[in-house]
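Let us take a friendly walk through this protein chain. Have the structure open beside you as you read, and look for each residue as it comes up.

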Amino acid sequence: MSGEAAAVGGGGGGEGEANGIPPNVTIYINNLNEKIKLEELKKSLTAVFSQFGKILDVLAFKTLKHKGQAWVVFEDVTSATEALKRMQGFPFYDKPMRIQYAKTKSDIVAKADGTFVPRERRKRVDEKPEKKQKREHHYDASQIGMGVNAYPGVYGAPQLTQIPIAGGQRVMMPEIIVPNNILFVQNLPHETTPMMLQMLFCQYPGFKEVRMVEAKPGIAFVEYGDEGQATAAMNNLQSFKITKENQMVITYAKK
C-alpha cells in the first residue's frame, strides 16, 4: 500500500472521541521516539499492536514533518478501539504513546470499499513498506514451524523424550518442565530484537528482562518476578504471531 500522511490524517494526542473524530480502523500515534530507525519502528509497532487484531498496514515516514508519528491500519474498528484504549500512554521506547483515531481513512481501506481516489504527488510516497512486505517473509525455512523441537540442546530449553504411541512408533515430546518464573520462547523470526520482545512481555505484571541467545537465533528467555506472573504472560502470548509465518511457542525454561 502507498499513501502519504494525508491519506490517513491525524494530529495531536488524546482519544479520537475527544477530538470529534469518529471511530475507524486506523489509529494515529504520535510522541514516538524520533531516534528509532524507520524499519525498526514499523516492526516494533506491528509486534505490539498485533495482539489486538489483524493489521493491514503500518505507516511511518522519514520526512521531518512526519517524524515521531505513525499510523496503524486494522482490519476492523473493534481492534482499533481496543488498541487505542489499551495502549494509550504506553511507554514505547521510553516515550508514552499518544493515540487517537485517524482523521481520514487510509488508502488500503478506501480501495477495499471502493471509495479510493488517486491523489497527486504519488511519486513522493515512501515505497519502502511495499519492499519491506516482500522482503520480511524471506526467513530461513528451518525457522518456520519449529515448535517445541527447536534447539533441544540449549540451556533452559526443554529436553525431548521419546514417547511410544500406537503401532510401535515413537514420537519426540518435550520433557515435562516444572513451572517457574522464566519462560522459554521459540520460533521467533530472525529480525526479532530484545526491544521488540520487551514491548510485548512488559505489558504483563512482574516483567524483569528478556535474554536472547546470540548463537541461536529464534529463541529467547523472558524472566518474571514469580511463577504466577510468568504463567499469566505465557497464557496471553502463547501462539502470538510476530509475522504470519512465525507463531511463538512458549514453555517454562528448564532450570
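## An aromatic cluster

Tyr 28, Phe 61 and Trp 71 come together as one aromatic cluster. Keep in mind that you are looking at a predicted model. In the whole structure there are seven aromatic pairs. One of them joins Phe 61 and Trp 71 in an edge-to-face arrangement, with ring centres 6.0 Å apart and 65° between the planes. This pair links distant parts of the chain: Phe 61 sits in the loop between β2 and β3, Trp 71 belongs to strand β3, and 10 residues separate them.

## A pair between two strands

Now turn to Phe 207 and Tyr 224. Their ring centres are 5.9 Å apart and their planes meet at 75°, so this pair is edge-to-face. Here again distant parts of the chain are linked: Phe 207 lies in strand β10 (residues 207–212), while Tyr 224 lies in strand β11 (residues 220–224), 17 residues apart. Both Phe 207 and Tyr 224 are buried.

## A four-stranded sheet

In which order do the strands of the open sheet of four strands lie? The order is β2-β3-β1-β6, and the pairing is antiparallel. At the edges are β2 and β6, each of which pairs on one side only. On average, neighbouring strands in this sheet are turned by 20° against each other, ignoring direction.

Inside the sheet, β1 and β3 pair in the antiparallel sense over four bridges. As a general rule, strands of a sheet pair through backbone hydrogen bonds, either parallel or antiparallel.

## Helices on the sheet

Helix α1 lies across β1, β2, β3 and β6, and runs at about 145° to β2. Helix α2 packs on the sheet as well, touching β1, β3 and β6, and its direction makes about 155° with that of β6.

## The nonpolar cores

In soluble globular proteins, nonpolar side chains tend to be buried together. How many residues does the largest nonpolar core have here? It has 28 residues, and those with the most contacts inside it are Ile 27, Ile 29, Leu 45, Phe 49, Phe 74, Phe 92 and Met 97. At least two residues of this core come from each of β1 (26–30), α1 (38–49), β2 (55–59), β3 (70–74), α2 (77–87) and β6 (98–101). The largest share, five residues, is supplied by α1.

## A residue in a loop

Finally, find Thr 193, in the loop between β9 (182–186) and α5 (194–201). Along the chain, Thr 193 and Val 210 are 17 residues apart, and their C-alpha atoms are separated by 9.7 Å.

How values were computed: Residues are numbered from 1 along each chain as its sequence is written. This is a predicted model: local features need pLDDT of at least 70, side-chain atom pairs count only at pLDDT 80 or more; totals for chains, interfaces and linings use all residues. Side-chain values use heavy atoms; hydrogens and water are left out. A nonpolar core is a set of buried Ala, Val, Leu, Ile, Met, Phe, Trp, Tyr and Cys residues joined through side-chain atoms within 4.5 Å. Buried means under 20% relative accessible area, exposed over 50%, partly exposed in between (1.4 Å probe, protein chains only). Rings of Phe, Tyr and Trp (its six-membered ring) pair if their centres lie within 6.5 Å; planes under 30 degrees apart count as stacked, over 60 as edge-to-face and the rest as tilted. Two strands pair if DSSP finds at least two bridges between them. Axes are lines fitted to C-alpha atoms, for helices over the stretch in contact, and angles run from 0 to 180 degrees between N-to-C directions. Contact means heavy atoms within 4.5 Å.
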